[in-house]
Amino acid sequence: MQISHVPVTNNKFTHMIDYGTLSGYHKAEENLQLLNNRDDMPSHEDTIHDIKFNWFGNKMATCSSDHKVLIWKLSGEGTWTVVNEIPAHVSPVWRLSWAHPDYGNLLATCSTDHKAKIWRMTDDSLQWVCQGNGITDSSTHLTDIAFAPRIWSEDLHEAAERLKLAVSSDEHVWLYFICVERSNITWTQATSERISVSESNKICALSWGYTYRNLMLAVGMIGTGGRSSIVVYQLAETQNPTASACKWIDLSSIKLNCKLNHLAFRPNNGSRDCFLAVGTENKLSVFKIMEERQDDFETEPVDTHIQDQIKHLTWDIFGKDIFTVSENGTIRVWSWRYRPKQWEYEELISGNTLPALHTNSYSGSAYSNT
């Protein structure tokens with residue numbers, strides 16, 4: 001396995017580009033107004049921790065410390081409207097994840113109440129209903145939750161196409177197989193050994209990635225002394241579609257000399273290579289992970305010339321651009337330029353025109369405002 005950095009630089013442009021599916025085909029400045037143009041619309045009463053768009057980009061879910069999840073829908077007029085309010089947990093809701101639409105309208109949530117839940121929208125009442133009692137075997141806060149992507153390949157066996165869900169706490173990562181039926185959803189915990197980390201590290205982020213036939217999971221950890229690390233695992237499954245046996249293969253590790261804030265694999269278009277974007281203190285790093293070689297990897301320092309922390313990042317659905325949100329409220333879009341071969345950014349919204357972005361960061365076993 002070989003991992004190498006992709007050069008990143010900055011280049012400010014004067015024109016405004018569309019978000020694409022990331023924001024429902026509307027510009028950033030317009031969406032800020034559309035989200036706040038209704039006084040009678042349900043809203044969150046506390047800090048928002050996560051925002052996720054569905055696969056089509058016409059719905060989004062938000063979660064907050066007010067214990068609620070709001071489902072937003074984009075109308076034909078280009079306005080966002082809250083269509084569902086879910087009292088999801090008894091503690092702050094920390095992370096969200098949408099399943100691929102082939103498995104139905106499924107949304108997973110995790111909370112500081114040590115529980116993870118799957119919500120399903122009913123066909124008759126269009127309400128979101130919790131499926132089962134959720135996951136309750138964690139003794140600590142859950143830090144992230146992520147449905148595995150849908151892999152398209154004629155070579156895959158039936159078992160590999162099962163819906164999978166990864167859930168992390170401070171010290172462990174669990175894998176679940178989700179069986180979706182017309183009237184019920186059942187959880188089956190994989191019989192593989194759970195991913196565990198040392199006491200000096202705390203898991204803070206998960207991201208699924210895939211090549212043309214293999215699933216990978218990046219596990220981000222915050223260590224001591226302001227250092228962080230990322231371990232990339234490959235999921236190996238049995239070909240029996242009814243079995244829950246699988247194993248994690250440790251592919252490689254990435255050491256960071258700064259605090260990790262967020263990470264995300266690029267949506268794959270069938271390539272053998274994967275790209276992992278990592279947001280840290282005033283730095284965006286992009287790692288290229290190649291399947292052909294498993295003997296070494298390379299990490300070189302990347303200077304992005306950013307003076308603020310990247311708190312959150314995401315790829316567009318086509319895997320072409322990276323959107324980052326900084327601590328001061330600045331939103332940037334990063335695009336790959338072939339001449340020269342490097343990532344360059346432009347600012348969609350300047351932090352100088354917005355209030356400071358107050359996000360909750362996870363560090364150790366406590367959650368605190370930054």
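Modeller: What follows is a set of labels, each set against the cut-off behind it.

Modeller: Please keep in mind that this is a predicted model, and that the protein has 1 helix and 27 strands.

Biologist: Why is His172 called buried?

Modeller: His172, which is found in strand β12 (residues 172-180), has a relative accessible area of 16%; the word buried applies under 20%, and therefore His172 is called buried. In the protein as a whole, buried residues make up 55% of the 370 residues.

Biologist: What makes the pair His172 and Ser196 a polar contact?

Modeller: The side chains of His172 and Ser196 are joined at 2.8 Å, and since the cut-off for a pair of N or O atoms is within 3.5 Å, the pair qualifies as a polar contact. The side chains of His172 and Arg194 are joined by a polar contact of 3.4 Å, a value that also falls within 3.5 Å.

Biologist: Which residues is His172 in contact with, leaving aside its neighbours within four places in sequence?

Modeller: Those residues are Val167, Arg194, Ile195, Ser196 and Ile203, where contact requires heavy atoms within 4.5 Å. As for Thr140, it lies 32 residues from His172 in sequence and 9.7 Å away in space, C-alpha to C-alpha.

Biologist: How do you know that β2 and strand β3 are paired?

Modeller: Pairing asks for at least two bridges, and 5 bridges join β2 to strand β3 (residues 59-64), so the two strands count as paired, and they run antiparallel. One example is Ile48, whose bridge partner in β3 is Ser64. These strands belong to an open sheet of 4 strands in the order β2-β3-β4-β5, with antiparallel pairing; its edge strands, β2 (48-53) and β5 (80-87), each pair on one side only, and the twist averages 20° from one strand to the next.

Biologist: Why are β6 and β9 said to stand at the edges of their sheet?

Modeller: Their open sheet has 4 strands in the order β6-β7-β8-β9, paired antiparallel. β6 (93-98) and β9 (128-130) each have a single partner strand, so one side of each is left without a neighbour in the sheet. In this sheet the twist averages 30° from one strand to the next.

Biologist: What makes strand β8 a partner of β9?

Modeller: The two are joined by 3 bridges, with strand β8 covering residues 116-121; because at least two are required, β8 and β9 count as paired, and they run antiparallel. Within this pairing, Met121 has Trp128 of β9 as its bridge partner.

Technical notes. Residues numbered from 1 in each chain as written. Predicted model: local features only at pLDDT ≥ 70, side-chain atom pairs only at ≥ 80, totals over all residues. Heavy atoms only, no water. Buried < 20%, exposed > 50% of the residue type's maximum accessible area, 1.4 Å probe, protein only. Axes fitted to C-alpha atoms, helices over the stretch in contact; angles between N-to-C directions. Polar contact = N/O pair within 3.5 Å; in protein donor to acceptor, adjacent residues only side chain to side chain.
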